[in-house]
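Hello,

Here is the structure we talked about handing over. Please look through the sequence and coordinates first; my notes follow below.

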Amino acid sequence: MMSVDPSGRYLASCNSSEPRLEVVDLTADIRVAMHEALCHAGPAWSSTGLLAIPRNYEIAVWDVHTGEATATLRGHVAGVIMLVFHPNNRHLMSGSWDGT
């Protein structure tokens with residue numbers, strides 16, 4: 001699964017057979033980050049540079065500009081299968097095999 005950030009600068013790609021997600025800076029053609037991820041869902045980008053990554057029952061949120069983890073969201077009891085940021089960048093919606 002792949003996703004390009006709203007600015008078009010970064011590409012996040014995830015392979016469902018390997019538990020990792022890579023982030024590439026398309027302007028410099030270099031890998032800028034690699035994160036553990038179980039990709040039942042594609043990553044989600046905010047327009048402010050946050051990247052939400054599914055990690056089985058959790059969601060990891062990273063700041064691509066700093067490389068820092070900003071949050072780990074918990075609450076699902078089955079794998080996360082959908083992620084999307086609201087256009088206001090204040091809300092992240094997720095869906096899971098648990099029906100929520």
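A residue is called buried when its relative accessible area is under 20%, exposed when over 50%, and partly exposed in between. Please keep in mind that this is a predicted model.

By that cut-off, Asp25 is buried, because its relative accessible area is 4%. Its side chain forms a salt bridge with that of Arg9, at 2.8 Å from N to O. The two are 16 residues apart and link distant parts of the chain: Asp25 belongs to strand 3 (residues 20-25), while Arg9 sits in the loop between strand 1 (2-4) and strand 2 (10-14). Arg9 is partly exposed at 36%.

The structure has four salt bridges. Arg55, Glu58 and Arg74 are linked in a network of them. Within it, Arg55 meets Glu58 at 3.4 Å, and Glu58 meets Arg74 at 2.9 Å. Glu58 is in strand 7 (residues 58-63) and Arg74 in the loop between strand 8 and strand 9, so this pair ties together parts 16 residues apart in sequence. Arg74 is exposed, at 63% relative accessibility, and Arg55 is partly exposed, at 25%.

On the sheet: four strands make an open, antiparallel sheet in the order 5-6-7-8. Strand 5 (44-45) and strand 8 (68-73) are at the edges with a single partner strand each, so one side of each has no neighbour in the sheet. Strand 5 is joined to strand 6 (residues 50-55) by two bridges, and Ala44 stands opposite Ala52 in strand 6.

Finally, Ile81, Met82 and Trp97 form a nonpolar surface patch with about 350 Å² of accessible area together. Met82 lies in strand 9 (residues 80-85) and is partly exposed at 45%.

Regards

How values were computed
Residues are numbered from 1 along each chain as its sequence is written. This is a predicted model: local features need pLDDT of at least 70, side-chain atom pairs count only at pLDDT 80 or more; totals for chains, interfaces and linings use all residues. Side-chain values use heavy atoms; hydrogens and water are left out. Patches are made of residues with over 30% relative accessible area and no salt bridge: like charges are joined within 9 Å, nonpolar side chains (Val, Leu, Ile, Met, Phe, Trp, Tyr) within 5 Å. Accessible areas come from the Shrake-Rupley method with a 1.4 Å probe; for residues, only the protein chains shown count as cover. Buried means under 20% relative accessible area, exposed over 50%, partly exposed in between (1.4 Å probe, protein chains only). Two strands pair if DSSP finds at least two bridges between them.
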